[in-house]
Amino acid sequence: MPVSLPATDSPFYPFPSPAKLNLFLHIVGRRTDGYHELETVFQFLTLADNIAIKPTTTSTITLLTPIDGVPNDDNLIVKAAKLLQAETQSPYGAEIKINKLLPMGGGLGGGSSNAATVLLALNVLWQCKLSYQQLAELGLQLGADVPIFIHGFAAFAQGIGEKLSPVYPDESIYLITKPQCSISTQQVFTAKALTRNTRKLDNNAFDDKTYINGYHNDCQNLVINHYPEVAKLLAWLIEYAPSRMTGTGACIFSRFDSEEEAKRVQKLLPNTMTSFVTKGINTSPLHSVLQQLESEICT
Ligand SMILES: C[C@](O)(CO)[C@H](O)COP(=O)(O)OP(=O)(O)OC[C@H]1O[C@@H](n2ccc(N)nc2=O)[C@H](O)[C@@H]1O
Ligand SMILES: Nc1ncnc2c1ncn2[C@@H]1O[C@H](COP(=O)(O)OP(=O)(O)OP(=O)(O)O)[C@@H](O)[C@H]1O
């Protein structure tokens, strides 16, 4: 049955907030504002946080499930909701809950993904009617990875990650491992020893759809040199499968041909290590949920 929104008795609507991988990450320059120009391929994972949102008829934004170590006012979920409210002058508010599964500071883009999910979901629930392009531009203020999650297709990205062309990597099985260290994106990007002059790729006709051979992550050597636990884990994983760091680390993804094989290697890891067996996907799972919701809402 069609529903009208927002209403005083709206339910909580569930939305996935997926992780991303940088299948490779080349740093090809630095802008005058200090931001780095990248060439990267983004792919989504079935691994996701779950966000539930109840639109309200009053303007308060409430995060009912605070994340350890992140004050609510600094949480990208709250920031995204307030940004959309300010941009659209929406009179509405929201109660938001998150079931956080993605490790923070791991290079899986969880914070940016949460921000994008909130922007896209509230754009529908508050009936703001901003385009994906407008939402991506708005979201870029919150994080360089927000636009890819707004657009929701696997992409070759340039600029600081906002110039996107669709690509179709193999939707492989990955074992994701998180060494017991958290790495600050800002610290990696300000390191003197970071390689910043990788040659731009000549064209977008990629041969290797795994994006492993012939590509690399420019942050990886720097991180390995500073974090022995990352170096050790990567050296171990490489014996079993092609493996690489995502983003600025510290998570490592290892590509397998089957879930069974990935799970077999996962069982060999120490019990204390956070790890996931998951699948690469070329379309964000959020977008089909949004389409379904849009078809149910009266405008
Ligand atoms: C490493 C990637 O995850 C690759 O997808 C992203 O480029 C990082 O995206 P993010 O975590 O959303 O990063 P932001 O929150 O925008 O930026 C964190 C800090 O990293 C630095 N930064 C970030 C992105 C970029 N292209 N160049 C940079 O120099 C900036 O100093 C910034 O202050
Ligand atoms: N909703 C949120 N989820 C996760 N982190 C958040 C959130 N809101 C704010 N943050 C802050 O953002 C920091 C980076 O978290 P995030 O999980 O996005 O890292 P990341 O996966 O390394 O990101 P990237 O790959 O974009 O560099 C956290 O340490 C935290 O302080």
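User: Quick one to start with: how are α2 and α9 arranged relative to each other?
Analyst: In this predicted model, α2 and α9 are roughly parallel to each other, because their axes cross at roughly 10 degrees and an angle under 35 degrees counts as roughly parallel. The two axes come within 10 Å, with α9 covering residues 285-296.

User: And which residues make that contact?
Analyst: On the α2 side the contact is made by Thr-117, Leu-120 and Val-124, and on the α9 side by Leu-286, Leu-290, Leu-293 and Glu-294. Sorted by class, the contact of α2 with α9 has five nonpolar residues, together with one polar and one charged residue.

User: OK, switching to the ligands. What surrounds ligand 2?
Analyst: Ligand 2 is surrounded by 21 residues, and the closest of these are Leu-76, Gly-110, Gly-111, Asn-114 and Gly-247. The shell around ligand 2 divides into 13 polar, six nonpolar and two charged residues.

User: Which element gives the largest share of that shell?
Analyst: That is α2, the helix we began with, which contributes four residues to the shell around ligand 2. Both α2, at residues 110-125, and α1, at residues 76-88, supply at least two residues of that shell.

User: Then what about ligand 1, which residues are closest?
Analyst: Around ligand 1 there are 19 residues, the closest being His-36, Gly-143, Ala-144, Phe-189 and Gly-247. At least two residues of the ligand 1 shell come from each of β1 (13-30), β2 (36-56) and α5 (185-190). By class, that shell has 12 polar, six nonpolar and one charged residues.

User: How far apart are Lys-263 and Lys-97?
Analyst: From C-alpha to C-alpha, Lys-263 and Lys-97 are 31 Å apart in space, and in sequence they are 166 residues apart.

Methods:
Residues numbered from 1 in each chain as written. Chains lettered and ligands numbered in written order. Predicted model: local features only at pLDDT ≥ 70, side-chain atom pairs only at ≥ 80, totals over all residues. Near = placed C-beta within 6 Å. Nonpolar A, V, L, I, M, F, W, Y, C, P; charged D, E, K, R; others polar. Axes fitted to C-alpha atoms, helices over the stretch in contact; angles between N-to-C directions. Parallel < 35°, antiparallel > 145°, perpendicular 65-115°, else oblique. Contact = placed C-beta atoms within 7 Å.
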